[in-house]
Amino acid sequence: MNHPQESAAPALRRLLDLLASGAATEDFADVLADARRRGAPAAVLAEIDDATWQALRVHRTLRQHRRREAELTALFDTAGDLAASRDLDTVLQAIVRRARMLLGTDTAYLTLPDEAAGDTYMRVTDGSVSVLFQTLRLSLGHGLGGLVAQTARPYATPDYRTDERFHHTGTIDAGVLDEGLVAIIGVPLLLGGQVIGVLFAADRSPRAFSPDEVALLCSLAAHAAIALDTAKSLADTRAALAELNAANELVRAHSAAVQRAEQAHDRLTDLVLRGAEVPDVAAAVAALLGGEIAVLDAEGEPLAGRSAPAAELAEAVAASRAEGRSVRHREQWVCAVLAGHDALGTMVLRGRPDLDDADRRLFERASVVTALLLLLRRSVAETENRIRGDLLTDLLTAPERDPAGLTARGRRLGVDLARPHLVLVAEPADGKTDERGRLAGAARRYLFGSRGVSAEHAETVVLLTPVEIGSGSSGSSGAVGAGDPEETARQAAERLARLAGFPVTVGAGRPAAGPSALAASYGEGLRCLRALRVLGRAGEGASARALGFLGVLLGDGHDVDGFVGATLGPLLAYDARRGTELVRTLRAYFDCGGSLTRAKDELHVHVNTVVQRLDRVEALLGRDWNQPERSLELQLALRLQLLAGG
């Protein structure tokens, strides 16, 4: 007989013991089974069942954390190998072994391209037992690995031999069969956008690889790419040293130039280490070369010095990018500031029409240092904007929850919410949500160098820009933080379109300070954005004030719903009560310029139906519904009702 005071406490303690000891998942179910065998009451069983479910959740979470910890440890160990070892084979073997261990596969291997043979070969294997497989070679596009190398994308298959996505060949299939492999995953080794190898993990039984496993293998592949790049760099360095030794006499002849270049390098390095900005580097290079240095950003806006308009330099910049060197343009030298294939800006040297090789290299080295500074600035700005973007999201989501806390958070992040700001709400002009990510990136570049903040919010991109004290309408291109909402919205739409590569619509709220007022300003900007869309002005920037009477209605504090209800209320109530379409009919009638024939085509009904509905409209609204003044109010209310999503 069960004790009347029996409780779930012993079972709960047992569940805690199982959690603490890291027991297997099956052991948790035994607790409930034992309670049932003891004849525990239904309430106790329910409590134990719920506790078991919760314990399993905790158990699963702990197991995920342990797995993630093991993955991070392996990645750190791999990074340590890269830092401590110069033996490429040792590092690659460690990476492949860790890939096999972390994914729990039967084997792992890595292939590299053979440029001379035009195919790829097995560089490192772990867990392989087949000599045929270990000597396998793959042509580009053949097999899973060939497809990874061709597309630069990861691919996985639970059963390679039956998977028709890959181009099967007799040689590859024979090697896979000899090794006994079934499930295979391959990820590319990428360096500067180029595939320099493929890292694989494989099982000898069917298996589906999870996205986490794909991501982990990609991380290990990134380390392998670094190891290969380091080895190549070392080889290049050794080759360069050999060439320098062979050209010892030439070096001696140019010792003065080399010494000068070393001093310049030290000076530029010192500037970078001291946290110098682009104008500081430009001034130092100008002093070293005895000329005038100007630096332009990717859009041709000056970052330091003065230069010819960016349009005049476009051809020279393109040539510099293509050649990877500085080029002469009339009486000046132009060098593209690059980070890989990404153009960050342009460096221009004036006053030195003739440059010897040493000074030309110094000029080009200065462009590399400038690229480094710009990348650092961009990285810091993007990180800061991401953190501030969380603040902006909280501000727009719940401004009344903790306004003092939001203001304090903003001050810590360098955003003073107590000072006036403009709120800009932007979206792709074509309304495509898949372009919002590119627009968000364009917003970060637009705010780069300012104290503005941007974030994706509710299918739009929101920008918060401080209003400069005493500022009015700015005449500069793409000015951030001007005081005129209309001018700022217009300029933002133009510049965001250039940065994103597609038309952008921007609505601006009125300048506001404080969480609640800023959230209200966002609402006004959002309504302005919708108004631009409804008015057929997508791709433009405007504020509520610039939209005339419609903008006044959209402005914060105006009862738009009340206006729509007072104007269309009888029709809305009739439609809701009878299931009719009087509002839709009236909208079609006005949109078709009062033509009954065109309206009936728009509504796909008989013209008599349109007449009957308009008679009902007259009965509900009065005989003057079609007079100019009343007609204007109705059309405006219809527009607002459509804008509001009605």
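Predicted model: local features only at pLDDT ≥ 70, side-chain atom pairs only at ≥ 80, totals over all residues.
## Basis

Local features need pLDDT of at least 70 and side-chain atom pairs 80 or more, while totals for chains, interfaces and linings use all residues. Numbering runs from 1 along each chain as its sequence is written, and side-chain values use heavy atoms, without hydrogens or water.

## Overall chain

The protein chain has 23 helices and 16 strands (DSSP runs numbered from the N terminus: H or I of at least four residues, E of at least two). Of its 646 residues, 43% count as buried (under 20% relative accessible area, 1.4 Å probe, protein chains only).

Take contacts (heavy atoms within 4.5 Å) between residues at least 6 apart in sequence: 59% join residues at least 24 apart.

## Helix H11

H11 covers residues 278-289. Its twelve residues should span 16 Å at 1.5 Å a residue, and the end C-alpha atoms are 16 Å apart, which agrees. The expected span is 1.5 Å times one less than the number of residues.

Buried residues in H11 include Val278, Val281, Ala282 and Val285. Leu288 and Leu289 are also buried. Glycine 290 follows H11, with a positive phi near 70°.

## Second largest pocket

This pocket holds about 410 Å³ of space. Of its 14 lining residues, Pro113, Glu115, Ile196, Leu228 and Lys232 are the closest to its centre.

S1 (107-114), S2 (119-126), S6 (194-203) and H8 (211-246) each supply at least two lining residues. H8 gives the most, with four.

Notes:
Buried < 20%, exposed > 50% of the residue type's maximum accessible area, 1.4 Å probe, protein only. 1 Å grid on protein atoms, 1.4 Å probe; cavity = no way out; pocket = protein on both sides within 12 Å on 5 of 7 lines; lining within 4 Å. Points joined across faces, edges and corners; volume = space filled by probe spheres on them.
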